[in-house]
Amino acid sequence: MQELADIFALDIAAYAVMSNHYHIVLYIDAKTAKSWSDSEVILRWQALFKASSLAQRFIQGEALDRSEKDKLSEQVNLWRERLMDISWFMRCLNESIARQANTEDCCTGRFWEGRFKSQALLDESALAACMAYVDLNPIRADMAKTPEDSDYTSIQQRIRAAVSGEQPKELLPFVGDERLNMPKGLPFQLDHYLELVDWSGRHLDPKKRGSIPQNTPPILERLGISAKHWLYLNRNFESRFKSLVGSAEAVRQACIRLDKRWAHGLRDCQHFFSPAPS
């Protein structure tokens, strides 16, 4: 997963690898992909697939005539688009897992039940909710009691690095609250997110009775999500939302850009990502 992210123009924000499935939150870094030279695009593509003979000649420094340069330019543009395409990332990841599993089981045929499901996270609230939902998978499945004990998750990786005052180089970093001239990264403070996940994990058990404590993490106040709605999202994010996730206004704007008349789950977006009552 992380090796592929180094090749693609994609950054991993969160992940959880479970016994029979996995979740991953990705950031598409189109700006970086567009800044790659033709040579870098070809070398990245060659790390995954066999490049054309034309591309190999170009990398080796051979002179190309005008028609060959035009043909190569078309190929490079196609590969550049694919290297920032989540579908191609998932294809490479799932195919490698399927081949390894089939080799171990001495069998052939389909390994995955179907294509992957994806959701577009349109704003900070949707991003935070989805990341926490992913990071809390082992706790929700009763496979771990705390985030630091949640094996094969981004939250465990982040906690282990945070002990040394660092952030994992393999993951998209936290860069603080959203602001002007913001560097690439997650628009939250790392300590606030860790506190949020820890707090959420302690209140996931639906069997527990009692009111939600008032000392909720400050990130919820900034995002305008009520504690009650937040805990519901931590249990039901994947099943509740289908494609576009965020505030109702963010979803409407996305529909306009995508030329869609409506989006499934708009009412839920309005309900769960509306500002918390004062």
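Figure 1. On a 1 Å grid over the protein atoms alone, a pocket is an open set of points with protein on both sides within 12 Å along at least five of seven lines, and its lining residues have an atom within 4 Å of a point. This is a predicted model, where local features need pLDDT of at least 70 and side-chain atom pairs count only at pLDDT 80 or more, while totals for chains, interfaces and linings use all residues. Residues are numbered from 1 along each chain as its sequence is written, and side-chain values use heavy atoms, with hydrogens and water left out. Here, the largest pocket has 43 lining residues, and those nearest its centre are Ile24, Val25, Leu26, Ser118 and Gln119. Its volume, the space filled by probe spheres set on the points, comes to about 1,500 Å³. Sorted by class, the lining has 24 nonpolar residues (Ala, Val, Leu, Ile, Met, Phe, Trp, Tyr, Cys and Pro), 10 charged ones (Asp, Glu, Lys and Arg) and nine polar ones (the others, Gly among them).

**Figure 2. Ile24 in strand β2.** Strands (E, at least two residues) and helices (H or I, at least four) are DSSP runs numbered from the N terminus. Strand β2 gives the most to the lining of the largest pocket, namely seven residues, and Ile24 sits in this strand. Skip the neighbours within four places in sequence, and Ile24 is in contact (heavy atoms within 4.5 Å) with Met1, Ile12, Ala14, Tyr15, Phe89 and Met90. Ala14 is 10 residues away from Ile24 in sequence, with 5.7 Å between their C-alpha atoms.

**Figure 3. Helix α3 against helix α5.** Helix α3 (residues 38–46) packs on helix α5 (residues 66–82) at an angle of about 60°, with 9 Å between the axes. Axes are lines fitted to C-alpha atoms, for helices over the stretch in contact, and angles run from 0 to 180 degrees between N-to-C directions. The pair is therefore oblique, the word for angles that are not under 35 degrees (roughly parallel), over 145 (roughly antiparallel) or 65 to 115 (roughly perpendicular). Asp38, Val41, Ile42 and Trp45 of α3 meet Leu72, Val76, Trp79, Arg80 and Arg82 of α5. That contact has six nonpolar, three charged and no polar residues.

**Figure 4. Helix α10 against helix α12.** Helix α10 (residues 190–201) and α12 pack at about 80°, their axes 10 Å apart, so α10 is roughly perpendicular to α12. Leu196, Trp199 and Ser200 of α10 touch Ala227, Trp230, Leu231 and Asn234 of α12.

Conventions: 1 Å grid on protein atoms, 1.4 Å probe; cavity = no way out; pocket = protein on both sides within 12 Å on 5 of 7 lines; lining within 4 Å.
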